[in-house]
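Welcome, and please take a moment to look over the model before reading on. The short report below is meant to be read side by side with it.

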Amino acid sequence: MSALVAHPRVQLVLRLLLGALFVYASLDKIASPAAFAKVIYQWQVVGPVPSNLVAVTLPWIELAAGLLLLAGAWKREAALVVALLLVVFIAAAALVMARGIDVQNCGCVSVTANTAPSAWPPAWTKGVGWFLVARNLLLLGVAMALVVVTPVRRPAPLALPVPTE
Amino acid sequence: MAVDWKRFILILVAGASLGLAWNAGSGRGMALGQSVLVQAGDELIATRAGKVLLDQGALFLDARPRDFWRMSRIPGALPLPEEDFERAFQEAEPRLRRASAVVVYCSGYGCEASHLVARKLREKGFAAAILDEGLPAWQDAGLPLDEEPRS
């Protein structure tokens, strides 16, 4: 497993996927900070004024870490920032679930108010629940793989012996 | 694993600073000091002031979905759910006309319904205050709740 994760191409794919996801997730929130703040209020983890600060700063931290991952610069540190964010998201989701609060749009990627209920994607993929926690744990695993594992280049295969006649 | 902690902190600080700068300078920003649910014209009242109004006979309106009102409510509150406003408004209108003061509440600072209902009431010519931080703050203050189930 660790050999697979340490493969340079696997590292590249994980880095690009995680970076692209975090850049993509930051854009809608950057465009509409007030809508994002409303979503954070619904989580009821911190009060309105601290929620405003989160709404204004968090998407830019996601963007910065995502762009660094895409660029391949400061890879470990950017991945560690992503891991820290994911730990915070998982803890906040656990708090929301433990208190039985119903958050229908987690605000993870899109912050537009969910109007008409649509069949796809199903509601359980958008709200705060076990799916979100499982997804974030998976992403946390990817981020930590980028932090901890050093890519290992396999030594080039030895030159095949030239058949002699 | 060799993480450069200076870089790690720098990413966090630079991201947060960019966010604050963008909020201050982009024209898309928002006021940080108060809830974004509060708009010009909204009148907020604190929990204790709400209790004083209740004792003076003010009409309380529950902006949450009707099922929540059925389970529990501030004593005497009528249901005026945001998603069923027109119908519920017709039921509540006679009481609104007689009310000395009107207070709308919902389920806390994350809930926009009380703001929306108060604005719809204003459009109809009724002044209504919004109970700041709503029902959770009311309960935290140990104020009375009517928990008799209603149909």
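This is a predicted model: local features need pLDDT of at least 70, side-chain atom pairs count only at pLDDT 80 or more; totals for chains, interfaces and linings use all residues.

## Two domains in chain B

Chain B splits into domain 1, residues 1-30, and domain 2, residues 44-140, with the bounds taken from an automatic or database domain assignment.

Residues are numbered from 1 along each chain as its sequence is written, and chains are lettered from A and ligands numbered from 1 in the order in which they are written.

## The two chains in outline

Chain B contains 6 helices and 5 strands, arranged from the N terminus as α-β-α-β-α-β-α-β-α-β-α. Chain A has 6 helices and 0 strands. Here helices (H or I, at least four residues) and strands (E, at least two) are DSSP runs, numbered from the N terminus.

The radius of gyration, taken over C-alpha atoms, is 20 Å for chain B, whereas a compact globule of 151 residues would have one near 15 Å; the globule rule is 2.2 Å times the number of residues to the power 0.38.

Strands β2(B) and β4(B) run parallel and are joined by 4 bridges. B:Asp62 has B:Tyr105 in β4(B) as its bridge partner.

A residue is buried if 20 or more other C-beta atoms lie within 10 Å of its own, exposed if 12 or fewer, and partly exposed in between, with C-beta atoms placed from the backbone. In chain B, 32% of the 151 residues are buried. In helix α5 (residues 113-123) of chain B, the buried residues are B:Ala113, B:Ser114, B:His115, B:Val117, B:Ala118 and B:Leu121.

What covers these buried residues of α5(B) includes β2 (59-62), α4 (85-98), β4 (102-105), β5 (129-131) and α6 (134-140) of chain B. Just after α5(B) comes B:Gly125, with a positive phi of about 95 degrees.

## Where the chains meet

Two residues are in contact if their C-beta atoms, placed from the backbone, lie within 7 Å. By that rule, 28 residues of chain B touch 29 residues of chain A. The chain B side of this meeting is made up of 15 nonpolar, 9 polar and 4 charged residues. Ala, Val, Leu, Ile, Met, Phe, Trp, Tyr, Cys and Pro count as nonpolar, Asp, Glu, Lys and Arg as charged, and the others, Gly among them, as polar.

B:Val36 sits in the loop between α1 (5-25) and β1 of chain B. Is B:Val36 buried or exposed? B:Val36 is buried because 21 other C-beta atoms lie within 10 Å. Leaving aside neighbours within four places in sequence, B:Val36 is in contact with A:Ala34, A:Ala37, A:Lys38, A:Asn52 and B:Met30.

Methods. Two strands pair if DSSP finds at least two bridges between them.
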